[in-house]
Amino acid sequence: CGSRPVSSNPLTIDSQFWSDLQGQFRNDSLYSELSVAPFTEREVQHLIASTLGSQVDEIDRSFVHDVFTTSGGMAHHLTYILDGIKRKKLTTRLENGMIGVHDFTGEDSKL
């Protein structure tokens, strides 16, 4: 499993093993490769809503943007961030009626 393309992040595995993976094992359906692109900001909004048990249109845009930019849209980072937000009960209804993160005045409130 790699989070970056092999071209920019070369794997340090035996060349014969890699050749077998790319050749005979793939041809025999014993190996498959799946590339997963980062989530879009809209997909992050859906994931936040699902994680919090809320409707998509209830999630504040700035909250979505903060989670998206902090995670880079990467699934592992998103899961880690959202689990922490939910576990620490950091969400609230904002003045605009949307769901966002508590305003921690005087504290570092970055996600």
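The legends below describe close-up views of a predicted model. Local features need pLDDT of at least 70 and side-chain atom pairs count only at pLDDT 80 or more, while totals for chains, interfaces and linings use all residues. Residues are numbered from 1 along each chain as its sequence is written, and side-chain values use heavy atoms, with hydrogens and water left out.

**View 1. Salt bridge between E58 and R93.**
The side chains of E58 and R93 form a salt bridge with an N to O distance of 2.6 Å (a side-chain nitrogen of Lys or Arg within 4 Å of a carboxyl oxygen of Asp or Glu). The pair joins distant parts of the chain, 35 residues apart: E58 is in the loop between α2 (41–52) and α3 (61–71), and R93 is in strand β1 (residues 91–93). Helices (H or I, at least four residues) and strands (E, at least two) are DSSP runs, numbered from the N terminus. E58 is partly exposed at 22% relative accessible area, and R93 is partly exposed at 48%. Buried means under 20% relative accessible area, exposed over 50%, and partly exposed in between (1.4 Å probe, protein chains only). The count under the salt-bridge rule is one.

**View 2. The largest nonpolar core.**
This core has 15 residues, of which V44, I48, I59, F63, V67 and I85 touch the most other members. A nonpolar core is a set of buried Ala, Val, Leu, Ile, Met, Phe, Trp, Tyr and Cys residues joined through side-chain atoms within 4.5 Å. Two or more residues come from each of α2, α3, α4 (75–87) and β2 (99–101), and α4 gives the most, with four. Leaving aside residues up to four places away in sequence, V44 touches F39, V64, V67, F68 and L78 (contact: heavy atoms within 4.5 Å).

G53 follows α2 and has a positive phi, near 70 degrees.

**View 3. S62 and V101.**
S62 belongs to helix α3 and is partly exposed, with a relative accessible area of 42%. S62 and V101 are 39 residues apart in sequence, and their C-alpha atoms are 9.4 Å apart in space.
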